[in-house]
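Have a look at the model, try each task, and then follow the solution.

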Amino acid sequence: MTVTEAAAERLVRIGEVARGAGVSVRAVRYYEQQGLLIAERSPSGQRLYRQDAIPLVRFFQQMFAAGLTSRRITELLPCWDSGHTDAEQRAMLRAERDRIQAKVDDLQAALDRLDEVIAITDTHP
């Protein structure tokens, strides 16, 4: 096996990334358009991604669900890739974490209220 074949073996098609991450092919293309993912092209023009694109797309989905923008996620990528941050990046990470925690707290309060309503309605048919 040549080096080129070994490198190609580690690449996956867009549909495999989408299936593995539980998203649509369109979502994967969107992430590429936003600069979040980089695709190589096969000789026939098919998009090919590194296998680590699957957990990365899952990460994007989680961050979008938490309310982060594409731009903010782009700022997080160096932290994801290297595991190292500078003071500004750590401050941004902590600020996002605090914002998400506040959202979780609000959702937990809403859930608690719904549980109260359910408990009341269960005793009054």
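**Exercise 1.** Work out how helix 5 and helix 6 are arranged in this predicted model.

Solution. Step 1: the axes of helix 5 (residues 70–82) and helix 6 (residues 87–123) come within 11 Å and cross at roughly 125 degrees. Axes are lines fitted to C-alpha atoms, for helices over the stretch in contact, with angles from 0 to 180 degrees between N-to-C directions; helices are DSSP runs (H or I, at least four residues), numbered from the N terminus.

Step 1: helix 5 is therefore oblique to helix 6 (under 35 degrees is roughly parallel, over 145 roughly antiparallel, 65 to 115 roughly perpendicular, the rest oblique).

Step 2: helix 5 contributes Arg-72, Glu-75, Leu-76, Pro-78 and Cys-79 to the contact, and helix 6 contributes Gln-89, Met-92, Leu-93 and Glu-96 (contact means heavy atoms within 4.5 Å).

**Exercise 2.** Find the angle between helix 2 and helix 3, and the residues that join them.

Solution. Step 1: the axes of helix 2 (residues 14–21) and helix 3 (residues 25–33) come within 8 Å and cross at roughly 105 degrees. Step 2: the two helices are therefore roughly perpendicular to each other. Step 3: Ile-14, Gly-15, Val-17 and Ala-18 of helix 2 meet Val-25, Val-28 and Arg-29 of helix 3.

**Exercise 3.** Check the confidence of the model.

Solution. The average pLDDT (the predictor's confidence in each residue, from 0 to 100) is 88, and 93% of the residues score at least 70.

**Reading notes.** Residues are numbered from 1 along each chain as its sequence is written. In this predicted model, local features need pLDDT of at least 70 and side-chain atom pairs count only at 80 or more, while totals for chains, interfaces and linings use all residues; side-chain values use heavy atoms, leaving out hydrogens and water.
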